[in-house]
Amino acid sequence: MATNGSVIGDLYRDIHEVPSETQLELLPMVENGLDSTNSCPTNVPEGTGNSTDANDERDYSNLALKILNSKPQYYPPLNFSLVEDGIYRSGFPMPLNYPFIEQLGLKTIIYLGDLGLEKVSKKDEKAKKEKKEKKDKGDYKEESDKPKKDKLGTTEILKGYKEWIATTSIELHHLPMESSQEPFVQTQTQAQDSLTHALQLMLDKNNFPMLIHSNKGKHRIGVLVGLMRKLLQGWCLSGIFEEYEKFALGKSEYDLECIEIWQPELVVDLNSKPDFVRL
């Protein structure tokens, strides 16, 4: 009996009811790496032809499934997730993720991070202070400052990222923000300015679809989303902290303190206000 889709539909209600031998005959197969849809199983008993008898002991080991119309593989960035309709969050996109991002049809990308920025550690601040004191005393011998090595290649990563964005119609907003390690630091004003700018962009639906990301998509983006939930949507703090924890995998008391206490001033244009915003 010939096996085809109409016969299968008449005899069985579900594909799982179809005998395994019959299911194999319905699949596009190739034999020994040859692109042929006429391949047959080996060890077919004489006189059986294309029979689907349950006692048929045919060997399908020489066959492999042929994938028809295979689609390209898409890989989302680290910690990728939907925040609200038109807003996505993630970690820093790598070249492997670019095809996936292109499918989102983004208009705007907001990067809250410190790649490409010169980091000043406490050790550097102490050395700078000692250098100044020696200069004031006249004991300082001028030395040429050696440029720091970019051990992680972050400069090249950011450069490649911006070059890729330049080939698209996406508008990138690189808003500098370092990870919070102390409740009050010198970069606090810079972080607040960046967060305010980001929230203001999120208040304009003309910027959607939008991707907001940091380096890992955990703490800095967690703060931004937490502020959005509190200021723009009126979420309770317990719900905000629970969402933060899902991505951060460990609460940062300084981030949560910022979300709870900080109250920036924002301007809302009713003509471009997103639907999820509650006033």
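Tutor: Happy to! Val-268, Leu-270 and Leu-279 make up a nonpolar patch on the surface, and together they have about 330 Å² of accessible area. Keep in mind that this is a predicted model.

Student: Where is Leu-279 found?

Tutor: Leu-279 sits in the segment after α9, the helix spanning 253-261.

Student: And is Leu-279 buried or exposed?

Tutor: Leu-279 is exposed, because its relative accessible area is 74% and the cut-off for exposed is over 50%.

Student: Okay, switching to the strands. In what order do the five strands of the open sheet come?

Tutor: The order is β3-β4-β7-β5-β6, with mixed pairing. At the edges are β3 (81-84) and β6 (171-176), each of which pairs on one side only. On average, neighbouring strands of this sheet are turned by 25° against each other, direction ignored.

Student: In what sense do β5 and β7 pair?

Tutor: Strand β5 (residues 108-113) and strand β7 (residues 210-213) pair in the parallel sense, over four bridges. Within that pair, Ile-110 of the chain stands opposite Ile-212 in β7.

Student: Nice. Which strands does helix α5 touch?

Tutor: Helix α5 (residues 154-166) packs on the sheet and touches β5, β6 and β7. The direction of α5 makes about 150° with that of β6.

Student: What about α6, which strands does that helix lie across?

Tutor: Helix α6 (residues 188-202) lies across β4 (87-90), β5, β6 and β7. Relative to β6, helix α6 runs at about 155°.

Conventions. Residues are numbered from 1 along each chain as its sequence is written. This is a predicted model: local features need pLDDT of at least 70, side-chain atom pairs count only at pLDDT 80 or more; totals for chains, interfaces and linings use all residues. Side-chain values use heavy atoms; hydrogens and water are left out. Two strands pair if DSSP finds at least two bridges between them. Helices (H or I, at least four residues) and strands (E, at least two) are DSSP runs, numbered from the N terminus. Axes are lines fitted to C-alpha atoms, for helices over the stretch in contact, and angles run from 0 to 180 degrees between N-to-C directions. Contact means heavy atoms within 4.5 Å. Patches are made of residues with over 30% relative accessible area and no salt bridge: like charges are joined within 9 Å, nonpolar side chains (Val, Leu, Ile, Met, Phe, Trp, Tyr) within 5 Å. Accessible areas come from the Shrake-Rupley method with a 1.4 Å probe; for residues, only the protein chains shown count as cover. A salt bridge is a side-chain nitrogen of Lys or Arg within 4 Å of a carboxyl oxygen of Asp or Glu. Buried means under 20% relative accessible area, exposed over 50%, partly exposed in between (1.4 Å probe, protein chains only).
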